[in-house]
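Hi,

Here is the structure I promised to pass on. Have a look at it first, and then read on for what came out of the analysis.

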4 protein chains.
Amino acid sequence: MIHFECDYLEGCHPSILQRLQETNFEQCVGYGEDPHCERAAGMIRIACDAPDADVQFLVGGTQTNATVIGSLLRPFQGVLCAATGHINAHETGAVEHGGHKVLPLPTTDGKITAAQIRTALEDHWHDANHEHIVQPGMVYISFPTELGTIYSKSELEEISAACRDWELPLFIDGARLGYGLESSRSRLLLKDIARLADVFYIGGTKQGALFGEAVVFRNKELARDFRYCIKQGGGMLAKGRLLGIQFETLMENGLYFKLARQADRLADKLSAAFRAAGFDLLIEGGTNQVFPILSEEQAHKLGEEFGFEYWTRTPDGRDAWRFCTSWATTEAQVDTLVTALQTLKHE
Amino acid sequence: MIHFECDYLEGCHPSILQRLQETNFEQCVGYGEDPHCERAAGMIRIACDAPDADVQFLVGGTQTNATVIGSLLRPFQGVLCAATGHINAHETGAVEHGGHKVLPLPTTDGKITAAQIRTALEDHWHDANHEHIVQPGMVYISFPTELGTIYSKSELEEISAACRDWELPLFIDGARLGYGLESSRSRLLLKDIARLADVFYIGGTKQGALFGEAVVFRNKELARDFRYCIKQGGGMLAKGRLLGIQFETLMENGLYFKLARQADRLADKLSAAFRAAGFDLLIEGGTNQVFPILSEEQAHKLGEEFGFEYWTRTPDGRDAWRFCTSWATTEAQVDTLVTALQTLKHE
Amino acid sequence: MIHFECDYLEGCHPSILQRLQETNFEQCVGYGEDPHCERAAGMIRIACDAPDADVQFLVGGTQTNATVIGSLLRPFQGVLCAATGHINAHETGAVEHGGHKVLPLPTTDGKITAAQIRTALEDHWHDANHEHIVQPGMVYISFPTELGTIYSKSELEEISAACRDWELPLFIDGARLGYGLESSRSRLLLKDIARLADVFYIGGTKQGALFGEAVVFRNKELARDFRYCIKQGGGMLAKGRLLGIQFETLMENGLYFKLARQADRLADKLSAAFRAAGFDLLIEGGTNQVFPILSEEQAHKLGEEFGFEYWTRTPDGRDAWRFCTSWATTEAQVDTLVTALQTLKHE
Amino acid sequence: MIHFECDYLEGCHPSILQRLQETNFEQCVGYGEDPHCERAAGMIRIACDAPDADVQFLVGGTQTNATVIGSLLRPFQGVLCAATGHINAHETGAVEHGGHKVLPLPTTDGKITAAQIRTALEDHWHDANHEHIVQPGMVYISFPTELGTIYSKSELEEISAACRDWELPLFIDGARLGYGLESSRSRLLLKDIARLADVFYIGGTKQGALFGEAVVFRNKELARDFRYCIKQGGGMLAKGRLLGIQFETLMENGLYFKLARQADRLADKLSAAFRAAGFDLLIEGGTNQVFPILSEEQAHKLGEEFGFEYWTRTPDGRDAWRFCTSWATTEAQVDTLVTALQTLKHE
């Protein structure tokens, strides 16, 4: 049985375990103030070309989203996002638990547009009763999106401009940031993300780490007292060194990007194989997630040897399924699946 | 200038002011434990044919909604409602401020169906990742809805049955309850509401009181410790007598219903006049709100003499406006408007 | 039976009812944007000698405290106050419901000192682990305090200076503000309060209104978007006119202060009578609350004719009780009690 | 430089790293539903002699405290605890962030008593205005306490009985549970904790794991839908296997207890050495924390070679410092410190 259900099935890249081993008996101060975190933060600032950035490390994505959003909004403000956004759909209301409404915008491909943001703001402020309505206070987008699609450079620049015109912070959920940047369809660099977002994170959990998300605030003022928020939100890891060590390792020699690139290439191969075998794809994102349309029978047949997830019903009543590659996926695993697809085709 | 913008433009029915005058120097214990509240609660229990009901008085609608909802949900639960529901659209995120997500269901007429509720529950519990999704924990509907429409008896019975099958409390926002019950289209009685809902309120603010909403819990167990919630939510009026006195007066000799009936009849007259003058109505609810389609010029012209509110743009790009009658509206006021409509028609 | 349990036993000053009567059929826009609120706000700005102040009207004290505090704090901040402060002791955790810790400081007389505030701030910021501790973000005091004591002008100036040095807003709960200012022991004027606080309120509920608290923000910037907070917190009264009319009436010709002065003088008389009859007082505040020490027998005897409340057990094991005068208390009522005390003395 | 500042200075017990290595490329389902978590939970149920217990794994202590407390309280309820309790003093208001007041009880040794709990409940329910006061809804104690002291079996039985009489859940923070159970002063077994608490946790972070706390609910009903709370609170680790693997390892052959015992014995040795060298101890808990009284000079001198933390000023104006041993402390490290103490004595 080979599993493609998600991109966090395995532990971590072996070099991380090795570094944990090597440093295991170092005595480090806790809570992210150790030399490893400091060094990792420095490496990230350089990689982002953002010397004034504030970098903080949290454990997981939902925690990071709720903490960042809660730290930036006033109580009556909400966060604009795609209806499919992770904060709207798959975080058990963590943002609302912190007191804030998520303000979903309609989307078909997981992306929202600068025009949607501008309209939402205009509508709010033109409404005579705007004090009776949650005030949009920031914008959340995912790069790549939950459907594996990516914003183009110009789309992102327009969104960023809309946010700056309206003085709203732009927050980019980068749980799969590397997979997005390394997509063959992307022209964006990490430093573009750092320039266009006010705050974003470099996801570790799904990209080779045991866990961990590195939050980057473009300017320190926005991050003021953010560490109180981390602690209050339960996200301050006692042994913060673990986060520092993991991001040091991932940032070294571009390992983070290499792992992502390899996963994206394997996903491309898989996409091509699905198409070659005559299957439609729900969407083509170019990142590490592939969403073929399979009949129940086909899914059942494939499911005897491969693990994957039901995704959604399409508007025309067919079923889309999700296959993920990851930093840990091997060419051999993908090839086995590709072969099975060719067989499936002929049945 | 005659105003039809909303149904809370005037003070209150004169008999309430008179009772306030008569009782002004009575010394009453505070916080709703005075004899007036007790008597009003008793009158409401009788009117609802609900001898075991717990009745509590709060000041306003948003406060009541947030307090009731917060008292019934566990932290990770949300409340199902129409996307147009007041809690979703016009309460500045009061429910989310209390930590809960509002779970909007699509609607065109302000109503939701039992089928939508059942599907939402099935979808939630069939989702393999349901723990990552806000759990539907109660259902909120408005009677009448924010668009002035009303549920039929069978619709409401089906919704109630769906809620009981899934063990979800059904909460009916009755900010305009009387206007709904007295609609010529309605066959529902107050006791039907009390039988079908688990908790609902009899709105005073928009129906002849200075302010005040009477919350009725069908069974006392659901109301356990609810008064702590009222206090914590800032809704416990020090001089609770004011609420008791107002509801005593409104319940006496069916004044509450008489006032509502009169407003509904005037709204019917107004609807007929709009139609007679050739105007389409956005929706025909049969309660105290009328939503004609007017061009900008027509609205401007009418706006010289009458106050009313912009409501929404219709799918086909026209503009709908809202005119409300209320307990305070006079036949003469409506007749003046009707005459103006006839003139407007010929221009 | 004559009641002295609290200062909100009766309805309101008759001139308020009269004004409600006179204005009852005016058609006013809702939510505090009507001409009465505007006029009342103007009168308050003049009375406070604070032409740039932002004035908003809410319904009750707990609601006002939670809304103001929630609007000013960041999520990880708490509010310093006396351990006896109303927000700490008698609001069912309304501040915590909004996400903030109340940071109580020890007190014996209901007051806190500038030195306590400075020490709390120094302790916080000198603690190496301050990010693990709630950050003091504002100061709340009551004038008069919950024990009926008042801050002297110099005490208040020192507290205000400490707050400004540390850049913390100072919030004064003025639920009984008039009773404090009119105390024979007070040299403070309303404009001193307005100068020394960043935000405070002029309590109506306990001082002649049916309900209502007028919040004054010394500068508009601090009040930015505060009306969203009012709405979200359920405190935005639909018929805001009711608040405007009441404060117009109370501010006219200094009615608010006259009513308070009269209540304070009657309380002074009562204090003197208790002392003359040989009873100790728990504390002597000089406002409208009197706290005599009575044995259980004495309390029982007095309780046959007069209503009053148990307050607390003293450190030396005796029982203190609370008697309140109010705007509604008559000289005759107090005289009846004074006579009873003289009798009680001789038993 | 040898560090004794806290018990989370190093990584983890080597056998954990080894197991992570061995299992690194296993493909496991996420979110704590993998075979490792299942096996670890089973081992814990057996160790607790609690076959019906529900066991869940979270990442850190603050997160665990806030999540458990938030899952059990109704909105207007608070949690009783020692004033020194971690939730009251060192979690940046995480409990309040979730809407609940912490209700601190005075303590000198970090412990509270059954009598204090009973009095708090009686006081609450006897107060005529109890609806204006936060309702005690559960009890939180730490075993060992934040001062390294431990409850005796009879103390804990009395607390448990008080909680059951009042129908309040008893929650034991076991961040250092092993150090408490293995104290030479303790007669309590893990199964006693499991029998007397309604919910508690077995702390991993400070006792040999990289991170992780195993929450044990004595009965499943209390844990109903708790996993939604974990997810909403940001505590659901994507690679839950990491928690399962760590607790499997710690539970195997009693490693958890062996490591704790060794740390306690080294702390005992250190305590004895401080006393032998003539130093007073602030408190003698018998667990892994030692709190000697040192002058500033002595602390400065020792600080040249050893790391330790300032703890508190004693009532008589001296300074107490904290030295922790841990699972990672070696006999040689302690001996070096002991020798230094003997030298310090003679200076």
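Chain A and chain D of this predicted model bury about 4000 Å² between them, and carbon and sulfur atoms give 56% of that area. In chain A, the residues that lose the most area to chain D are A:Gln27, A:Gln232 and A:Lys239, which together make up 19% of what that side buries. The contact draws on 44 residues from chain A and 44 residues from chain D.

What does the side of chain A that touches chain D consist of, by class? It has 22 nonpolar, 16 polar and 6 charged residues. As for its secondary structure, β1 (2-3), α1 (14-23), α3 (61-72), α5 (94-97), α10 (226-232) and α11 (241-251) of chain A each supply at least two residues. The most comes from α1(A), with 4 residues.

On to the polar side of things. How many salt bridges does the rule find across the interface of chain A and chain D? The count is 0. Polar contacts are another matter: 27 residue pairs are found across this interface, with both residues at pLDDT 80 or more.

Best wishes

Note on methods: Residues are numbered from 1 along each chain as its sequence is written. Chains are lettered from A and ligands numbered from 1 in the order in which they are written. This is a predicted model: local features need pLDDT of at least 70, side-chain atom pairs count only at pLDDT 80 or more; totals for chains, interfaces and linings use all residues. Side-chain values use heavy atoms; hydrogens and water are left out. Contact means heavy atoms within 4.5 Å. Buried area is the accessible area (1.4 Å probe) that two parts lose on being put together, summed over both. A salt bridge is a side-chain nitrogen of Lys or Arg within 4 Å of a carboxyl oxygen of Asp or Glu. A polar contact is a pair of N or O atoms within 3.5 Å; within protein, one must be able to donate a hydrogen and the other to accept it, and residues adjacent in sequence count only if both atoms are side-chain atoms. Ala, Val, Leu, Ile, Met, Phe, Trp, Tyr, Cys and Pro count as nonpolar, Asp, Glu, Lys and Arg as charged, and the others, Gly among them, as polar.
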